[in-house]
Amino acid sequence: NKVKMEDIVSLCKRRGIIFPSSEIYNGFAGFFDYGPLGSELKKNVKDNFWRHFVQRREDVVGIDSSIIHNPTTWQSSGHLDGFSDPMVDCKETKLRYRADQLFCAPVTVEECGTTVGFVCVLEANDEDMVKAAKKQAKKLLKESDRKGQAIQPFAFKDLTQVSEEEMGQIPSPGSGKPTLTMPRDFNLMFQTNVGAMQDGSSVAYLRPETAQGIFINYKNVIGTSRQKLPFGIAQIGKAFRNEITPRNFIFRSREFEQMEIEYFIPPGDDVWQPFHEKWIADSKAFLETVGLREDLMGYDVHEGDGLAHYARACTDITFKFPFGEQELMGIAARGNFDLTSHTEGSGKTLDYFDEETKEKFIPHVIEPSLGVDRLILALICSAYAEDEVNGEKRNYLSFHPSIAPVKVSVLPLVKNKEPLVKAARELFEKLQMRWNVQWDQTGAIGRRYRRADEIGVPFCVTVDFETIEDDGAVTIRDRDTTEQVRIPMDEVVPYLSKMIDG
Ligand code: ATP
């Protein structure tokens with residue numbers, strides 16, 4: 001994927017998709033605001049997920065829980081003790097880094113194996129960073145007055161792997177000097193106080209994931225929805241994590257949205273695997289229906305150390321972002337860890353009674369978990385396209401019609417012929433009843449097409465002289481192929497409906 005991050009960020013700002021948060025106060029790291037087009041895009045992404053996984057399935061129901069839960073929830077879930085990232089501080093600049101995302105490599109004289117110093121980078125797979133590190137290594141070797149070369153390629157390791165002695169020599173990226181503390185755990189949950197008191201008894205947390213809201217409502221849903229195992233509960237909503245190094249635009253932010261499902265299944269060693277596989281396939285299929293490019297997706301199967309201690313399996317669906325291939329969503333088989341923990345923590349047995357076998361048990365769970373914002377970034381990267389139309393370079397967003405923020409642009413060919421404008425306006429108002437559409441009457445038609453292309457409007461409908469004087473039909477132009485079809489006015493809605501809603 002050749003698209004550059006700076007082009008994406010600049011397009012998002014220029015076209016009102018995503019802004020840095022609190023921009024008039026110089027922004028606020030890790031927070032973003034969605035503009036007029038971005039909020040439509042986000043709503044479409046969430047609606048598509050909800051339709052796909054909740055409304056069009058009989059075995060999944062939705063909930064919308066509060067963001068702040070009884071704080072004991074986080075004790076039981078393990079987040080209070082375990083939801084942390086290792087962090088290192090630069091003593092000089094006071095900048096903070098995630099120790100597992102900061103990489104160092106010793107610079108060694110080839111002939112004698114002596115280490116003359118360390119280089120340090122934030123991304124071990126970023127070519128530019130590695131290039132800069134190599135330059136630095138050469139300088140170190142020269143300064144040390146040694147012949148020889150740094151061993152290539154560098155053997156980078158992250159800062160959670162280094163000894164205290166090594167840490168004393170690793171330069172902080174902020175100060176360039178060895179001024180980093182040893183890694184320590186940093187809990188990612190945001191704290192707040194509930195009620196007027198500000199003492200320890202009033203401390204509560206903004207949820208770092210939507211999943212726990214599902215588990216603590218498990219009994220309520222079982223008791224009210226007539227669902228039988230296997231069945232799922234879905235939730236879409238905000239989550240908050242005090243990320244140490246929020247980076248890569250909306251890929252890792254401190255406030256974001258998640259779309260999560262807990263799919264409850266019977267226990268048993270041979271039961272979960274087919275469900276897990278099915279959810280991986282269904283998740284991939286969903287991502288394709290909203291237009292994510294198949295060639296940019298991949299899988300990352302967690303094994304050994306990469307797997308949480310209670311998890312049976314976890315497969316990530318990855319996406320090739322401009323800054324590298326990274327997790328887009330995770331599909332985990334979590335056993336019965338969560339319901340068991342909340343049973344112990346609350347004293348309420350979160351079990352299931354199987355009417356047929358007359359057995360009682362705590363169900364196991366498959367958890368597909370997808371970040372709304374991360375998906376939006378992937379969709380924008382996927383849709384970012386460039387081609388040539390009539391010998392002119394064209395930049396456009398090839399959004400799938402179902403997620404495109406604006407579905408149709410209605411263009412009266414001229415703005416000073418009343419019957420023509422009136423006919424176009426009537427059509428516009430009709431389309432407005434169904435979709436988010438836009439009206440554009442300024443400039444040459446070609447320019448209006450370009451404007452629509454740049455924000456990913458899939459269809460332009462042009463009302464011209466023939467419409468009112470002759471055939472009562474309009475021209476519909478397809479964004480991706482730029483091909484045009486002539487369609488009678490009263491067939492426009494059914495035609496577009498087929499293209500947009502499937
Ligand atoms: P990472 O390793 O990237 O921090 P994670 O494994 O901690 O992610 P999960 O806890 O599994 O992530 O969260 C599920 C999904 O929520 C992720 O796949 C991602 O899409 C999204 N997500 C998690 N953290 C963030 C964040 N800080 N900003 C945006 N999206 C996020």
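Visitor: Why is Arg-226 called exposed?

Guide: Count the C-beta atoms. Arg-226 has 8 others within 10 Å. The cut-off for exposed is 12 or fewer. So Arg-226 is exposed. This is a predicted model, so the label describes the prediction.

Visitor: Where is Arg-226, and what is its phi?

Guide: Arg-226 is in the loop between α8 and β12. Its phi is positive, about 60 degrees, although Arg-226 is not a glycine. Most residues other than glycine have a negative phi.

Visitor: What is the peptide bond from Leu-229 to Pro-230, cis or trans?

Guide: Cis, with omega near -5 degrees. Most peptide bonds are trans. Pro-230 is in the loop between α8 (218-225) and β12 (231-240).

Visitor: What makes Asp-480 exposed?

Guide: Asp-480 has 12 C-beta neighbours inside 10 Å. The limit is 12 or fewer, so Asp-480 counts as exposed. Asp-480 is in the loop between β25 (473-478) and β26 (484-488). Asp-480 and Lys-407 are 73 residues apart in sequence, and their C-alpha atoms are 13 Å apart in space.

Visitor: Why is Glu-277 called partly exposed?

Guide: Glu-277 has 15 other C-beta atoms within 10 Å. Exposed needs 12 or fewer, and buried needs 20 or more. The count of 15 lies in between, so Glu-277 is partly exposed. Glu-277 is in helix α9 (residues 272-289). From Glu-277 to Asp-305 is 28 residues in sequence and 21 Å in space, C-alpha to C-alpha.

Visitor: How do you know that α11 is largely enclosed by the rest of the structure?

Guide: 11 of its 12 residues are buried, so α11 is largely enclosed. Among the buried ones are Val-372, Asp-373, Arg-374 and Leu-375.

Visitor: What span should α11 have, and what does the model give?

Guide: Helix α11 runs over residues 372-383. At 1.5 Å a residue, its 12 residues should span 16 Å. The end C-alpha atoms are 16 Å apart, so the two agree.

Visitor: Where do the domains lie?

Guide: Domain 1 covers 36-83 + 190-381, domain 2 covers 84-186 and domain 3 covers 406-501. The centres of domain 2 and domain 3 are 58 Å apart, over C-alpha atoms.

Visitor: What does the UniProt record annotate at residues 178-401?

Guide: The unreviewed entry gives "domain: Aminoacyl-transfer RNA synthetases class-II family profile". In the model, this span is 24% helix and 37% strand. Its end C-alpha atoms lie 52 Å apart.

Visitor: What are the confidence scores of the model?

Guide: The mean pLDDT of the protein is 94, and 100% of its residues reach 70 or more. The ipTM is 0.97 and the pTM is 0.91.

How values were computed: Residues are numbered from 1 along each chain as its sequence is written. This is a predicted model: local features need pLDDT of at least 70, side-chain atom pairs count only at pLDDT 80 or more; totals for chains, interfaces and linings use all residues. pLDDT is the predictor's confidence in each residue, from 0 to 100. Domain bounds come from an automatic or database domain assignment. Helices (H or I, at least four residues) and strands (E, at least two) are DSSP runs, numbered from the N terminus. The expected span of a helix is 1.5 Å times one less than its number of residues. UniProt positions are given in the numbering used here, feature names are shortened, and annotations may be inferred rather than shown by experiment.
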